[in-house]
Amino acid sequence: MSRRPLIAGNWKMNGLKADGIALADGVAAKRRAEPDLACDVLVCPPFLLVSDVARAVAGSGLAVGGQDCHAKTSGAHTGDTSPVMLKDAGCSHVILGHSERRTDHGETDAEVKAKAAAAHAAGLVAIVCIGETLAQRDGGETLEVNRRQLKGSLPEGANADNTVIAYEPVWAIGTGRVASPEQAQEVHAAIRAELVKLVGETEAGKMRILYGGSMKPENAAQLIALPDVDGGLIGGASLKVEDFWAIARNCG
Ligand SMILES: O=C[C@H](O)COP(=O)(O)O
């Protein structure tokens, strides 16, 4: 099964307006210069920059995503952003259940599932993040934790068109400590096997599973070449045009 890789930049809570627009302009220029790129490329700026970034990259072939959304369409939810608003601002994707949201905001699998259902209803692709902590890995619970999070976070109706999975070992995020190819492939294969049970063999075969956690130009190609790794969710390295593009252009 050949799956077109997705290279997604998660800018997290970084950059002011001028920085975000300069970064978006830089990545869009790279994308325009390579019309035959072998992967899809997505940038996920902070909420306040989504509209500006969507305008900056319009027509370049780059997609834009949010970093979270509420499970409701509208209403009395001070400080939150609905999936419909993201769509309206130019997003096609939204990252959900990132470990930083799970840690900082106590997000549960059930909440991630509700958000993913709402994202689907709004016509967004949900990038559902899962991953074990170092203590869980050291305790031999890696596969069990990832299977449990996957099962708990995927809503009814998830399929390869509306859902992407991101495996992000928490111990690898922002630490410079990347999963080895063996570690990554083991978990990605287990995730795909679990997806067969959850969404059926055909959709599981088509669904993209991204790796995230200290992915850099030096290690990306080796990881993305693994049989069940279909791209990357990139934090730090997505903040520099040259680094991000070095990953994207070597993804095929
Ligand atoms: O969403 C991205 C991941 O958390 C990875 O971040 P990182 O590349 O800075 O380790």
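Predicted model: local features only at pLDDT ≥ 70, side-chain atom pairs only at ≥ 80, totals over all residues.
Helices and strands here are DSSP runs, numbered from the N terminus.

Let's step back to the whole chain. The protein chain has eleven helices and eight strands. Its C-alpha atoms fill a box of roughly 45 × 45 × 35 Å along the principal axes. A compact globule of 252 residues would have a radius of gyration near 18 Å, and the protein chain comes in at 17 Å, so the two agree. As for what is tucked away, 46% of the 252 residues count as buried. Among contacts with a separation of 6 or more, 72% join residues 24 or more positions apart.

Now for the inside. The largest nonpolar core has 73 residues, and V94, L96, I127, V128 and I165 are the ones that touch the most other members. Strand β5 (residues 125-130) gives this core its largest share, six residues. Take I127 as an example: leaving aside neighbours within four places in sequence, I127 is in contact with A8, H93, V94, I95, L96, V164, A166 and L233.

Back to H98, then. The UniProt annotation "active site", from an unreviewed entry, covers H98 and E168. The pair is spread over 71 residues of sequence, yet clusters in space, with a largest C-alpha distance of 8.2 Å. H98 is buried because 28 other C-beta atoms lie within 10 Å, and 20 or more is enough to count as buried. E168 is buried too, because it has 26 other C-beta atoms within 10 Å. E168 is found in the loop between β6 (163-167) and α8 (181-199). Not counting residues up to four places away in sequence, E168 touches S99, C129, G131, I173, G212, G213 and L233.

Next, the ligand. It is surrounded by 14 residues, the closest being N10, I173, G212, G235 and G236. I173 and G212 are also among the residues that E168 touches. By type, the shell around the ligand divides into five nonpolar, eight polar and one charged.

For contrast, look at E242, whose place is in helix α11 (residues 241-249). E242 is exposed because 10 other C-beta atoms lie within 10 Å, and the cut-off for exposed is 12 or fewer. From E242 to K87 is 155 residues in sequence and 28 Å in space, C-alpha to C-alpha.

Notes
Residues numbered from 1 in each chain as written. Core = buried A, V, L, I, M, F, W, Y, C linked by C-beta atoms within 7 Å. Helix = DSSP H or I, 4+ residues; strand = E, 2+ residues; numbered from the N terminus. Contact = placed C-beta atoms within 7 Å. Rg over C-alpha atoms; globule rule 2.2 N^0.38 Å. Near = placed C-beta within 6 Å. Nonpolar A, V, L, I, M, F, W, Y, C, P; charged D, E, K, R; others polar. UniProt positions renumbered as here; feature names shortened; annotations may be inferred.
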